[in-house]
Amino acid sequence: MNWGKMLSDPESFSEEIKAKIRRALLQTVKGEFSAHGDYPVFVTKKKFSQTAMTDGLPLLVPHIPQVINDWAGIKDNSITHDDLLILDLETTGLTRGGGMLAFLIGIGYYENDNFIVEQYFLPEPEAEVNAFELLLPHLERKSVLVTFNGKTFDLPILESRFLHNQLWIDLRSKPHLDLLLLARRLWKKKVPSCALETLEYYILGQIRDKELDIESEIIPQTYFQFLITGEPELLKRIFLHNQTDVLHTAALLALISAQIDYPLPQKRDDRIDYHAVAKLYSSQGYLEEGKNILLALTEEKYLTAELVYDLGLIFKQEKNWREAERFFRRGMELLHLPSMLELGKLLERKNKDYEGALLLAEALLQRLEAEPVQNENKIPDLKKRITRLKSKMEKRP
């Protein structure tokens, strides 16, 4: 190290060090520096064919199903893939907090038959406002944000850092599709967790190469290490990690959009929990579609206690007592306690079959009392029901 120059001309020496670090970064990661005179941003840009398979995964989102728009609160029904901006941040911490920096901003968008991934990296923290200058036109041009856990992580961080830099953009009112929340609706009973890497393995069939990728937990310290040493080698893994997050978020949305649009594809995809899809439709007011999906599953011999119970509830809501009873009875045959409870209510209130309702109530009470952890509310209610049914039977002529 040239100590004499550092002492005699520290500003020139600092610029010399920065230039060396930037050259090393260019040699390590394919990209270029922005035109900002002070604190330029390191930018990478890679194109992927949206109609090709990337790691065996399609990226094209030809159509956003209406049920997804409704669920996400997106009022514009003409949304296409051209309106989407996928966003993923790498930050100096894994939990939100004051002073956290988004040192790498990854975005993905569709343009001219390509899916483009751009990344904005801060060689120095002072380049943050310049990175936002590059990001803002995309936020303004694309009408819908797509993230994975963005509502609780990425967007609050961006808002905080925008304000820190005296910038303002209303991200809260921008239509936003957070795939983590949607994944929890669709797969929480099918996979161990709904973390992105878990979904990559169980749903997308992907395993990240540990020799090339980097664990999320050590990303912040790797960036700090770069700021101290100027050594960019480990940054390659962070760039790849971020790029993979963006690509797999797009692939996940493509899969969901293709498989849950109604009417559903004739050939079922084993990766999709169609019972959860039916519940999503029903929750958004599409009761007929939800019912038809469940009925189709029963015709394919896809029977679970929860499925027939949900069908029973739908027919009950439609006041189709005969079909409601039929499905609650199927649930009873599968020893499903909620189905037994609903069947008992139906026998009592609609069929006036007090004897049948009493037998069910007594069987339910016996089951509940035998459970290791007893439900303190249901047992007293069942005892009251049994007393009421016995009284009704005694009053009969």
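User: Which element supplies the largest share of the lining of the second largest pocket?
Analyst: That's α9, with five residues. Helices here are DSSP runs of H or I with at least four residues, strands are E runs with at least two, and both are numbered from the N terminus. Quick heads-up: this is a predicted model, where local features need pLDDT of at least 70 and side-chain atom pairs count only at pLDDT 80 or more, while totals for chains, interfaces and linings use all residues. Residues are numbered from 1 along each chain as its sequence is written, and side-chain values use heavy atoms, leaving out hydrogens and water.

User: What volume does the second largest pocket have, and which residues are closest to its centre?
Analyst: The second largest pocket has a volume of about 390 Å³. Val 29, Lys 30, Lys 236, Phe 239 and Gln 243 are the closest to its centre, out of 15 lining residues. Besides α9, β2 (42-49) also gives two or more residues to this lining.

User: What makes a residue part of a pocket lining?
Analyst: A lining residue has an atom within 4 Å of a pocket point; on a 1 Å grid over the protein atoms alone, a pocket is an open set of points where a 1.4 Å probe fits, with protein on both sides within 12 Å along at least five of seven lines. The largest pocket has 22 such residues, with Asp 88, Asn 149, Ser 216, His 241 and Asp 245 closest to its centre. β5 gives the most to that lining, four residues.

User: Why does Asn 242 count as buried?
Analyst: Buried means under 20% relative accessible area (1.4 Å probe, protein chains only). Asn 242 has 0%, so Asn 242 counts as buried. Asn 242 is found in helix α9.

User: What makes the link between the side chains of Asn 242 and Glu 90 a polar contact?
Analyst: A polar contact needs a pair of N or O atoms within 3.5 Å, one able to donate a hydrogen and the other to accept it, and residues adjacent in sequence count only if both atoms are side-chain atoms. These two side chains make theirs at 3.2 Å. Beyond four places in sequence, Asn 242 is also in contact (heavy atoms within 4.5 Å) with residues including Asp 88, Leu 104 and Gln 119.

User: How do you know that β2 and β7 pair?
Analyst: Strands pair if DSSP finds at least two bridges between them. Eight bridges join β2 to β7 (residues 114-121), and the two run antiparallel. Ser 49, for instance, stands opposite Asn 114 in β7. β1 (residues 32-33) also pairs with β2 in the antiparallel sense, over two bridges, and Phe 33 has Phe 42 as its bridge partner in β2.

Notes: Points joined across faces, edges and corners; volume = space filled by probe spheres on them. Buried < 20%, exposed > 50% of the residue type's maximum accessible area, 1.4 Å probe, protein only.
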